[in-house]
Amino acid sequence: MVSRFSMSGFIHARCPGPMAVGSQFHKIAGWLILAILLLGRVLSATAAETPVHPNVLLIMADDLGYGEVGCYGQKRIQTPNVDKLASQGMRFTQAYAGCHVCQPSRSVLMTGLHMGHTPVRANDTRQYLLPEDVTVAELLQEAGYETAGFGKWGLGYEGTPGHPNQQGFDLFVGQYLQVHAHFHYPFWMWKNEEKVYLEENRRGRNTYANDFMHEAALNFIIENRDGPFFAYLPYIIPHVELVVPEESEQPYRGKFPKRVILDPRKDYLGSEDGLATFAGMVSHLDGYVGDVIALLNVLGIAENTILIFTSDNGGQNGGQDQGWTKMTDYFAGNGPLRGYKGTFYEGGLRVPFIVRWPAKVKAGTESDLMIGFQDVLPTLCEVAGVAVPDNIDGHSLIPTLTDSGEQTRHEGLYWEYAFRQGIGRAARMGDWKIVQPNPNRDPELYNLKRDIGETDDIAAQHPDRVEEMVKFMDNAHEPQRPHPGPGIKTGVRDYVAGPWLSSEN
Ligand SMILES: [Ca+2]
Ligand SMILES: [Ca+2]
């Protein structure tokens, strides 16, 4: 097996493109190659046997904007591996996250239920999954898949029924409370119910949280190469805090104006060279994608592995003196779209979505089908040969992906979020988009076909359309069940390392 691939080719496969932005991964690549060498003896002489059902890899970035990778128009940040993914699979141009922020978006992804039905509808520790909530991981686990997640969970924490081990994951490595996943050099991380201490981070910035989770993910893929496996990789970058290992930032030094971008939240890191740091974070993420693809190739399982790459919501805003907003704007991080993470405009909701599955999906294809995160569960059920549960909101994308059969289309997509002023909401039907940021405001109407930037509110000219879409939104909303948890305080001082904290803290 080992002789079937070239070591140098493997490393180079991870570092294509004009800049050596992948070179920061030599440490991981070296580890990986060692692991494969050690496994060489146990790997069969032929490629791993094709499992009955395809392996599934679901990679999700955190706060990666629609325009932050090259294949969606990014010009300043290098993402050769994600771009290659698109050239080898299908790129969706009208894909929508479950919601405009983390927790609810993940709830839609895991349950196949849109925001009017899904159990977790806000970034709120009182909200988590209950036993009766059915996740895609549970469905695939029951179908015989080995299931694992690596990254940010956000749908329940230790001692609650929302814990990932209670919701279909045999293994989960990462952070359960999403606030914990804001920190990239934590003191500890979870591996199932065990707290893994990163003592080295008490002495300084040594282990980047994502690298730790990523290595665990690669390990899982190697161990389960005979499949079928479901690996969910919700990486925690490029979400701020704004920090990345120097090797990833270095290629961008001097390429952009040097801007200090600080974090207004206590004990969070900012950057002296924020634009270079952010670009480095995106390229670091891109390197992970390269690692995963290279590993699938090395293990001989790429052909029958369906890999989805997406982001949980749009590009970031806010920050001290609006530093993150300006950062996103500098890179045109949300492309031509209006708004950012946390808003119902396209920039908050529309995300990159790429599917690579060499056995079934034609390389270099594109789809403008209007899809949402609720479609992931039924798609993966069909992949795994499991019956799709009744009463979910998504549709399988297999007809589009395989260019066969009849694709069921959404009449519309719906989002909501309860703010202090009440429930804000939005919907898309055909070319039309309605946005009502809170119940005290009149709905805004846009025609995305001729106004992708949502600049021209034409609600007054189209009262019938507004009425139809308001009715659609009214029907899509079901009252949320009572929050199961009391809510917990998430202080930072026990899990984040930094020069401002001594090891005694
Ligand atoms: Ca997010
Ligand atoms: Ca469950």
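Let me start with helix 6, residues 209–223, which lies across strand 4 (146–152), strand 5 (171–175), strand 6 (188–191) and strand 8 (229–238), and runs at about 165 degrees to strand 8. Helices here are DSSP runs of H or I with at least four residues, strands are runs of E with at least two, and both are numbered from the N terminus. Axes are lines fitted to C-alpha atoms, for helices over the stretch in contact, and angles run from 0 to 180 degrees between N-to-C directions.

Before going on, a word on the source. This is a predicted model, in which local features need pLDDT of at least 70 and side-chain atom pairs count only at pLDDT 80 or more, while totals for chains, interfaces and linings use all residues. Residues are numbered from 1 along each chain as its sequence is written, and chains are lettered from A and ligands numbered from 1 in the order in which they are written.

Back to helix 6. M213 lies in this helix. Is M213 buried or exposed? M213 is buried, with 25 other C-beta atoms within 10 Å. The cut-offs are 20 or more such atoms for buried, 12 or fewer for exposed, and partly exposed in between, with C-beta atoms placed from the backbone. Leaving out residues up to four places away in sequence, M213 touches F150, G151, V173 and G174. Contact requires C-beta atoms, placed from the backbone, within 7 Å. M213 and P234 are 21 residues apart in sequence, and their C-alpha atoms are 9.6 Å apart.

One open sheet has 10 strands in the order 7-6-5-4-8-1-9-10-2-11, with mixed pairing. Strand 7 (194–197) and strand 11 (365–367) are at its edges with a single partner strand each, so one side of each has no neighbour in the sheet. Two strands count as paired if DSSP finds at least two bridges between them. Strand 2, residues 90–92, pairs with strand 11 in the parallel sense over 3 bridges; M90 stands opposite T365 in strand 11.

Another open sheet has 4 strands, ordered 13-14-15-16, with antiparallel pairing. Its edges are strand 13 (413–419) and strand 16 (444–447), each with a single partner strand, so one side of each is left without a neighbour in the sheet. The twist averages 15 degrees from one strand to the next. Helix 13, residues 463–476, packs on this sheet and touches strand 13, strand 14, strand 15 and strand 16; its direction makes about 120 degrees with that of strand 14.

Next, the core. Which residues touch the most other members of the largest nonpolar core? They are I59, L140, A217, A231, L233 and L380, out of 137 residues. A nonpolar core is a set of buried Ala, Val, Leu, Ile, Met, Phe, Trp, Tyr and Cys residues joined through C-beta atoms within 7 Å. Helix 8 gives the largest share of this core, 16 residues. Domain 1 (2–410) and domain 2 (417–476) both contribute, so the core lies between them; these bounds come from an automatic or database domain assignment. L380 touches V56, V136 and L140, again not counting residues up to four places away in sequence.

Last, helix 8 itself. Of its 26 residues, 25 are buried, so this helix is largely enclosed by the rest of the structure. Just after helix 8, G300 takes a positive phi of about 75 degrees.

Terms used
Two residues are in contact if their C-beta atoms, placed from the backbone, lie within 7 Å.
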